[in-house]
Amino acid sequence: AQWKAIADRQDLKVEKDLNHNPASFKDRSDSDRRPVEKVNWYDAVEFCARLSKLTVREYRLPSEAEWEYACRARTTTPFYFGETITGELANYIASGNTYAREAKGKYRKETTPVGQFPANAFGLYDMHGNVWEWCDSRRNLISNQLTLRGGSWVDGAFPGHLRVDHRRFERPNMRETSIGFRCVLVVPTL
């Protein structure tokens, strides 16, 4: 719902048009509560710029360090909820390989509404699973790739990809049903 509200505002356009609803799972009754996906890095940056213009506050993608800090929420474990991950804690292919010999779980085969799984100590949902999240990181100059964090609903062969410290690299124009983003609000320091 947030994506659509900003994408439809042509008066806020900064550099590029945005697709009203790029998501794969748009025909679900709860689609307005699911994370937007199939957005590339340029789309995510445009969204943040438009939101900044609308609110007269600065929004942007998180740096990798900010993303990891937000995900960890002062924990030191591989996942913000502890030492292991299960299908009851995050949306991923829990019916595939398991992490730390946990029992197999359910594979939902699509994104899930935000807030269906436990929040971390900072009140943030879905930092593990659901969609990979673009970061505003330095590009790998050789391959021109940027960083994604968090894992997604299609990760299961390697559930360790959902660990706090794991990263994935993709070209900034990559669009997949497993890639989305989250914004951070920049609060001025006094």
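This is a predicted model: local features need pLDDT of at least 70, side-chain atom pairs count only at pLDDT 80 or more; totals for chains, interfaces and linings use all residues.

To find the spot, select P62, E66, A70, V184 and L185, the closest to the pocket's centre among the 13 residues that line it. Now colour helix α3 and strand β6 (184-186): each supplies at least two residues of this lining. Helix α3 gives the largest share, 4 residues. Which classes of residue do you find in the lining of the second largest pocket? There are 10 nonpolar residues, 3 charged ones and no polar ones.

## Stop two: along α3

Stay with α3, which covers residues 64-72, and select its buried residues: E64, W67, A70, C71 and R72. As you look along the helix, remember that an α-helix has 3.6 residues a turn, so residues three or four places apart point the same way. What do the buried residues of α3 pack against? Show β2 (132-134), β3 (146-149) and β4 (167-170), and you have the partners. Next, click on A73, which follows α3 and has a positive phi, near 50°.

Now hop to S63, in the loop between β1 (58-60) and α3. Is S63 buried, exposed or partly exposed? With a relative accessible area of 23%, S63 is partly exposed. Leaving aside neighbours within four places in sequence, S63 is in contact with C135 and D136.

## Stop three: two strands

Select β3 and β4 together. They run antiparallel, joined by 4 bridges. Pick T147, and you'll see F169 of β4 standing opposite. In a regular strand the side chains alternate between the two faces of the sheet.

## Stop four: the largest pocket

Time for the largest pocket, which has a volume of about 760 Å³. Select Q2, P35, V36, V114 and F181, the closest to its centre of the 30 residues that line it. Helices α1 (2-7) and α2 (41-55) each supply at least two lining residues, and the largest share, 3 residues, comes from α1. By class, the lining of the largest pocket has 15 nonpolar, 6 polar and 9 charged residues.

## Last stop: a cavity

Finish at the largest cavity, with a volume of about 30 Å³. Among the residues lining this cavity are I85, Y92, Y99 and E102. Its lining divides into 5 nonpolar, 4 polar and 1 charged.

Terms used. Residues are numbered from 1 along each chain as its sequence is written. Side-chain values use heavy atoms; hydrogens and water are left out. On a 1 Å grid over the protein atoms alone, a cavity is a set of points where a 1.4 Å probe fits but cannot get out, and a pocket is an open set with protein on both sides within 12 Å along at least five of seven lines; lining residues have an atom within 4 Å of a point. Grid points are joined across faces, edges and corners, and a volume is the space filled by probe spheres set on the points. Ala, Val, Leu, Ile, Met, Phe, Trp, Tyr, Cys and Pro count as nonpolar, Asp, Glu, Lys and Arg as charged, and the others, Gly among them, as polar. Buried means under 20% relative accessible area, exposed over 50%, partly exposed in between (1.4 Å probe, protein chains only). Contact means heavy atoms within 4.5 Å. Two strands pair if DSSP finds at least two bridges between them.
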